[in-house]
Amino acid sequence: MINTEGIVLKQVKTGEDRRIIMLFTEKLGKISAASGTMYHSKSKSSGILHPFTYGKYTLYKGRQIYNINYGDIIKSFYKIGESIEKYAYCSYILEFTERILPENQSDPYLFELLIDFLEIIENRNKKYLPIIRAYEIKSLKHLGIMPQLNECVRCGNKETGVYFSIEEGGLLCNECYGNNTLIFNLNHDTIEVMRYIINNSIKKLEKVSIDDKILDLLNKLMKRYLEYHLGLNNMKSMDFIDTCSISD
Ligand SMILES: [Zn+2]
């Protein structure tokens with residue numbers, strides 16, 4: 001038996017009364033877990049299987065996946081479901097998190113980051129995109145994927161320009177900037193905002209407003225970066241955001 005806190009990333013219905021959830025647990029990292037038939041869809045306890053739910057779970061390892069023996073809700077983040085925008089953005093972040101997390105590897109930093117993110121969005125009523133971008137940048141930085149902003153990502157030169165290499169995941173210096181098709185032109189303000197995001201907690205960022213032009217540049221950079229490195233261009237949740245043409 002393992003007792004751990006967890007956040008439900010996804011739920012799949014597999015039978016009349018049976019559900020399989022993708023659970024981001026504090027102790028085991030990302031795992032798949034099946035509910036017993038005891039969690040009937042109409043019963044009170046089915047809440048512990050809903051996406052966004054942050055709960056306490058008692059699990060035991062089955063032959064292939066974990067089974068949920070017991071669950072208790074710590075926070076359901078129900079307010080996220082009350083706004084289509086919040087729901088869309090948070091669904092995207094759950095899908096993003098599911099994609100970047102390896103299986104069976106605990107990651108307390110990302111676990112905390114996701115809880116902080118859901119809390120912030122639940123209580124926020126506009127300007128969701130800066131928090132989304134901050135979540136992406138902070139988690140990618142933590143995983144060592146990007147961005148290198150302190151020196152040229154290719155040669156280590158401390159004097160960098162404003163050219164961001166999508167391919168290499170960081171800034172280039174004036175010498176290395178050349179015939180590279182995957183270069184994204186940033187500006188100093190945007191680079192400063194990215195540095196601020198990396199060096200401060202997501203909670204602190206909540207009180208900072210980001211200029212629309214900087215945000216627009218960040219949106220474009222992240223879209224291209226995630227498409228190139230993580231193949232995040234075929235995400236259901238992202239399509240949904242586009243379909244609703246949500247503007248922040
Ligand atoms: Zn260089």
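1. Helix α1 (residues 84-100) packs against helix α3 (residues 129-142) at an angle of about 10 degrees, and their axes lie 11 Å apart; axes here are lines fitted to C-alpha atoms, for helices over the stretch in contact, with angles running from 0 to 180 degrees between N-to-C directions. The two helices, α1 and α3, are therefore roughly parallel, a term for angles under 35 degrees.

2. In this packing, Tyr89, Ile93, Phe96 and Ile100 of α1 meet Ile132, Tyr135, Glu136 and Ser139 of α3, where contact requires C-beta atoms, placed from the backbone, within 7 Å.

3. The model is predicted, so local features need pLDDT of at least 70 and side-chain atom pairs count only at pLDDT 80 or more, whereas totals for chains, interfaces and linings use all residues. Residues are numbered from 1 along each chain as its sequence is written.

4. Overall, the chain has seven helices and eight strands, taken as DSSP runs (helices H or I, at least four residues; strands E, at least two) and numbered from the N terminus. Among contacts in the chain with a separation of 6 or more, 56% join residues 24 or more positions apart.

5. Lysine 223 lies in helix α6 (residues 212-230) and counts as partly exposed because it has 13 C-beta neighbours inside 10 Å, the class between exposed (12 or fewer) and buried (20 or more). The C-alpha atoms of lysine 223 and arginine 133 are separated by 9.9 Å, although these residues are 90 apart along the chain.

How values were computed:
Contact = placed C-beta atoms within 7 Å. Parallel < 35°, antiparallel > 145°, perpendicular 65-115°, else oblique.
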